[in-house]
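Please read the points against the structure as you go.

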Amino acid sequence: MSDNFFEKHDLSIGVFVVGIAVIMFLMFGAGAIGPLLFLTIETLFGKLTHEEFGTLFASSIVIMTLSIVIPNVLIIRGRPRAVKINKINVYFQLICYLLFLFVLEHKKTWIFLCFVIFPLLANWLISSAKYLTFLAFYETLRKDPIRFRQSLANKYLSK
């Protein structure tokens, strides 16, 4: 099983860089959604009170953090099906940016819309071969950790 992994995939540091980059791009894209969400709500419904702002801010932070952290922890624990949650997160972010594009009319808020590049980059990297290798690495490590670590050590320490 572990030898089969090395026959199918080329393991390099770039694989892990792509995996971490996907997580970072998802976080950056989600982080920009918060201020844009509040600006959109104020544009549509008027000024927010401090209590409303605090409640919305805390709930948006918790929701976006959990929607990024939980699937990526599952991926690192060897559950590659959690990538579907990352893809849903990317599409949700893109829909939010599209909504913001139609609602916000102020020139100062347009600079926040440049953050749409982050979910686009995350989506592009999720479909790359290096990200698939990243997923396969952790899945293989979960299935047979002792034998996989031995074959990993044999492959890279024997050189």
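1. Basis. This is a predicted model, in which local features need pLDDT of at least 70 and side-chain atom pairs count only at pLDDT 80 or more, while totals for chains, interfaces and linings use all residues. Residues are numbered from 1 along each chain as its sequence is written, and side-chain values use heavy atoms, with hydrogens and water left out.

2. Content of the chain. The protein chain has 7 helices and 0 strands, and its order from the N terminus is α-α-α-α-α-α-α. Helices (H or I, at least four residues) and strands (E, at least two) are DSSP runs, numbered from the N terminus.

3. Overall form. The C-alpha trace spans about 65 × 25 × 20 Å along its principal axes. The radius of gyration is 20 Å, whereas a compact globule of 159 residues would be near 15 Å; the radius is taken over C-alpha atoms, and the globule rule is 2.2 Å times the number of residues to the power 0.38. Of the 159 residues, 37% are buried (under 20% relative accessible area; exposed is over 50% and partly exposed is in between, with a 1.4 Å probe and protein chains only). Contact means heavy atoms within 4.5 Å. Among contacts between residues at least 6 apart in sequence, 77% join residues at least 24 apart.

4. Helix 4 and helix 5. Helix 4 (residues 83-103) packs with helix 5 (residues 117-126) at an angle of about 150°, and their axes are 9 Å apart. Axes are lines fitted to C-alpha atoms, for helices over the stretch in contact, and angles run from 0 to 180 degrees between N-to-C directions. The two are therefore roughly antiparallel (angles under 35 degrees count as roughly parallel, over 145 as roughly antiparallel, 65 to 115 as roughly perpendicular and the rest as oblique). On the helix 4 side the residues in contact include Val83, Asn86, Val90 and Gln93, and helix 5 contributes Pro119 and Ile126, among others. By class, this contact has 9 nonpolar, 3 polar and 1 charged residues. Ala, Val, Leu, Ile, Met, Phe, Trp, Tyr, Cys and Pro count as nonpolar, Asp, Glu, Lys and Arg as charged, and the others, Gly among them, as polar.

5. Helix 6 and helix 7. Helix 6 (residues 129-143) and helix 7 (residues 145-157) pack at an angle of about 125°, with axes 5 Å apart. That makes helix 6 oblique to helix 7. Phe137, Thr140, Leu141, Arg142 and Lys143 in helix 6 meet Pro145, Phe148, Arg149 and Leu152 in helix 7. The class count here is 5 nonpolar, 1 polar and 3 charged residues.

6. Gln93. Is Gln93 buried or exposed? Gln93, in helix 4, counts as buried because its relative accessibility is 0%. Beyond residues up to four places away in sequence, Gln93 touches Leu26, Gly29, Ala30, Ile33, Met64 and Pro119.

7. Ala30. This residue sits in helix 2 (residues 13-45) and is buried, at 8% relative accessible area. Leaving aside neighbours within four places in sequence, Ala30 is in contact with Met64, Ile68 and Gln93. Ala58 is 28 residues from Ala30 along the chain, with 14 Å between their C-alpha atoms.

8. Val69. Val69 lies in helix 3 (residues 50-76) and counts as partly exposed, at 39% relative accessibility. From Val69 to Asn86 is 17 residues in sequence and 9.8 Å in space, C-alpha to C-alpha.
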